[in-house]
Amino acid sequence: MPTLVMLPRGAPTDEILEVLARDGCVVLDRLADAPTMDAVDADLARDIADTPTGTGEFVGHKTKRTHTVLVNSPTAGELALHPAIAALNDAVLGPYCARYQLSSAAAITIGPGETMQELHRDDLVYPLSHPSERQSVVTVIWALTDFTAANGATLVVPGSHRWDDERKPTLAEAAQAEMPRGSAVYILGSTYHAGGDNRAGDARSGLLYGYCLGWLRQEQNQYLAVPADIARTLPEPLQRLIGYAVHEPFLGWHDLQDPIELLRGYEDQSAGARDLIPEGQDAAVQGERVKRS
């Protein structure tokens, strides 16, 4: 029976990356403290209660997927920017883009009696082949409640990030990300995983963030999920993470302005077109540090 590696809070980034390179996933034990998780719970309790269950096999018939986490929970926004996760994203996604961005955000509550989700890769939204040195997306799932084998802890297939597109996973190859509240499982987009079946009496809740390369379309349209009047209230790093930023050399502009200017009072045609080539560069290029594959 496969198992997942769990590393303690404060584990060196290099050690975590070694596990990711081998397994395609890693559990980070108690990465956030209880007061932080309590704040997220308080912020999202009403939203989760008001969310209807799904109506499909993939999304689940007894599972709630709440997409207002960045709108109504400042603390959830802090978790999206968590330094340990950012360090991993810098290493995994950073070499292949000028900046990465938030692709999806949701609180996922698996209710009692829910069946197992289909094992899948989160990078399936992009028509890219496997295996590849380059990851296009990563998924981070924070435990809002304890994740156990009984209540539907996420299933992950270690090593499947190295598989080609023909090989399909079996349940026997999967391990469950059992972890206490405040922990997080970090999963490469090319690693097969799924929500587990909930045989317990209580719901299992997790906070999911997907991050993708900055030159790809986000899975969840962040400009609709977090409209401009809400985005203006967010800290600038989170504004840029959800997409209010230009990807070098000039991808994603509005009126030839950095889109973050829209959050600073800019109005259409209130300024002349800007040269968006990054300072210090004399030509429109991706940047010397960005790998191409």
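Me: What does L256 count as at 30% relative accessibility?

Reply: L256 counts as partly exposed, because buried means under 20% relative accessible area, exposed means over 50%, and partly exposed lies in between (1.4 Å probe, protein chains only). The model is a predicted one, in which local features need pLDDT of at least 70 and side-chain atom pairs count only at pLDDT 80 or more, while totals for chains, interfaces and linings use all residues. Residues are numbered from 1 along each chain as its sequence is written, and side-chain values use heavy atoms, with hydrogens and water left out.

Me: Where is L256, and what is its phi?

Reply: Most residues other than glycine have a negative phi, and most peptide bonds are trans. L256, in the segment after helix 8 (236-241), has a positive phi near 55 degrees although it is not a glycine. R30 also has a positive phi, of about 50 degrees, and this residue lies in the loop between strand 2 (25-29) and helix 2 (34-50); at 47% relative accessibility, R30 counts as partly exposed. Helices (H or I, at least four residues) and strands (E, at least two) are DSSP runs, numbered from the N terminus.

Me: Which residues of helix 5 are buried?

Reply: An α-helix has 3.6 residues a turn, so residues three or four places apart point the same way. In helix 5, which covers residues 83-92, the buried residues are I85, L88, N89 and V92. Seen down the helix axis, these buried residues fall within an arc of 100 degrees (taken from the directions from the axis to the C-beta atoms), so they line one face of helix 5.

Me: How many residues of strand 5 are buried, and which strands does it pair with?

Reply: Strands of a sheet pair through backbone hydrogen bonds, either parallel or antiparallel, and two strands count as a pair if DSSP finds at least two bridges between them. Seven of the seven residues of strand 5 are buried: V137, T139, I141 and A143 point one way, whereas V138, V140 and W142 point the other way.

Me: In what order do the three strands of the open sheet stand?

Reply: They stand in the order 7-6-9, and the pairing is antiparallel. Strand 7 (175-176) and strand 9 are at the edges, each with a single partner strand, so one side of each is left without a neighbour in the sheet. Two bridges join strand 6 (residues 155-156) to strand 7, and V156 has A175 of strand 7 as its bridge partner.
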